[in-house]
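Please look over the structure below with this note beside you.

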Amino acid sequence: MNDMSLLQTTDVLERGARLEIEAGAAAVDITPKRQVFIAGYGQNRLSRGIHDPIWARCLFLRIGEETVAFLSLDLIGLFLDDVDVIRNRAAGNDLRPRDIIVSCTHNHEGPDTLGLWGPSIGQSGIDPDYLDQLVEGAVSCISEARESSVSAHLEVGSTSATGVSRNARDPGVLDPTLVSLRASAENGETIATLVNFANHPESLGSENVLISSDWPGYLYRSVERAIGGTCVFQNAALGGMVTPDVTAHTFEEAERIGSATGSATIAALRSATQLAPSHIDHRMVEAEIPVTNQRFLSLAQLKTLKREFRNGVVRTEIHMIRLGDLWMATVPGEALPKLGLQIKALMGGAFKALIGLGNDELGYLIPEEDFDPSRYEESMSLGPKTAPSILSAVRQLTE
């Protein structure tokens with residue numbers, strides 16, 4: 001392999017007999033307790049209050065002795081090192097660190113957790129006390145979801161969610177597929193709904209200085225009011241820029257986008273298929289990706305960007321989780337829709353979900369043939385070999 005070093009492939013979990021499915025869910029408020037630098041757009045955007053909470057939300061699944069926990073955070077992103085802190089503290093008993101998938105919604109109205117949006121260029125915006133609060137809340141969320149697990153049924157559906165997003169970089173190149181996974185208890189009550197869909201949480205724009213979960217907050221409210229349980233959102237191939245199709249940067253427009261996405265979620269479940277996997281098939285590879293972005297390398301040397309680049313490469317990981325007809329692949333950043341569709345083409349299953357910012361945030365993941373150094377997204381990318389490296393990893397996971 002030219003662009004990826006395959007360092008480890010974990011065991012594939014196979015089971016011949018169909019085992020009982022258990023599910024649990026939790027939501028924990030991780031809103032900052034004091035003023036923070038808001039992530040996204042530019043430097044020195046200090047919060048001036050709280051409009052609505054930001055959340056850690058988790059769906060925990062157990063089939064027999066195997067488990068997986070999907071944790072989603074209303075944050076701009078987390079690097080793998082921070083993800084590992086959460087996973088190592090949350091793991092225990094039947095839940096290993098590798099069983100925990102941590103993704104971020106890529107919220108542009110929450111605290112800086114990457115170090116790129118401090119008071120000025122070269123100064124980190126990360127509040128160490130907030131990171132401690134975040135880790136505590138994330139670990140608590142995973143624990144609560146696991147401890148609440150009960151015998152469950154799963155169903156999955158998909159639909160095309162239109163009128164809520166657009167591609168600002170490449171108009172017309174869009175994957176509007178929304179996948180919805182519902183876990184329900186034996187009495188039919190909803191435990192959780194997992195929503196997988198691509199759209200930047202940036203409907204409020206750069207002028208907002210109130211902490212908010214942006215449009216996903218209205219998605220949570222819409223789904224939970226309709227069918228109960230806990231709504232968990234995973235962003236998909238949101239790069240390039242897949243952005244809310246709004247008429248203005250207002251909370252009213254954020255509510256419209258979130259509520260419409262919630263309606264699409266419910267529509268997907270109306271034609272849902274029962275999902276009864278006999279086991280959890282969970283595969284993972286570690287990869288080393290070349291870094292040619294001189295800005296990232298310089299910020300890492302200044303310790304503004306707290307990410308380790310060794311000999312011009314960065315270590316990351318890609319997961320593939322198969323739950324019967326539902327295949328879920330993590331990508332360590334913001335895949336452009338074209339790359340997302342290329343990854344899905346390698347996946348089997350009737351239902352395919354791409355977990356963006358899954359266990360890492362490496363910036364924009366741009367197909368090599370479309371890489372143009374003069375464009376904005378490329379300035380926030382590791383380099384042109386990132387997408388080929390990820391595709392190579394996915395091929396390994398689907399063989």
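1. Tyr376 is partly exposed, with a relative accessible area of 49%; buried means under 20%, exposed over 50% and partly exposed in between, taken with a 1.4 Å probe on protein chains only. Tyr364, in contrast, is buried at 4%.

2. This is a predicted model, in which local features need pLDDT of at least 70 and side-chain atom pairs count only at pLDDT 80 or more, while totals for chains, interfaces and linings use all residues. Residues are numbered from 1 along each chain as its sequence is written, and side-chain values use heavy atoms, with hydrogens and water left out.

3. The protein chain has a mean pLDDT of 93, and 95% of its residues reach 70 or more; pLDDT is the predictor's confidence in each residue, from 0 to 100. Over residues 1–16 pLDDT stays under 50.

4. Tyr364 lies in strand S19 and Tyr376 in helix H7, so the pair ties together parts 12 residues apart in sequence. Helices (H or I, at least four residues) and strands (E, at least two) are DSSP runs, numbered from the N terminus.

5. How many salt bridges does a search of the whole structure find? The search finds 29, a salt bridge being a side-chain nitrogen of Lys or Arg within 4 Å of a carboxyl oxygen of Asp or Glu. One of them joins Arg45 and Glu109, at 3.0 Å from N to O. These two residues sit in loops and are 64 residues apart. Arg45 is buried at 8% relative accessible area, and Glu109 is buried at 0%.

6. Arg169 and Glu377 also form a salt bridge, with their closest N and O atoms 2.9 Å apart. Arg169 is in the loop between strands S7 and S8 and Glu377 in helix H7, so the pair ties together parts 208 residues apart in sequence. Both Arg169 and Glu377 are buried.

7. In helix H6 (residues 337–346), the buried residues are Pro337, Leu339, Gly340, Ile343 and Lys344. Down the axis of H6 they fall within an arc of 160°, so they line one face of the helix; the arc is that of the directions from the helix axis to the C-beta atoms.

Methods
Contact means heavy atoms within 4.5 Å.
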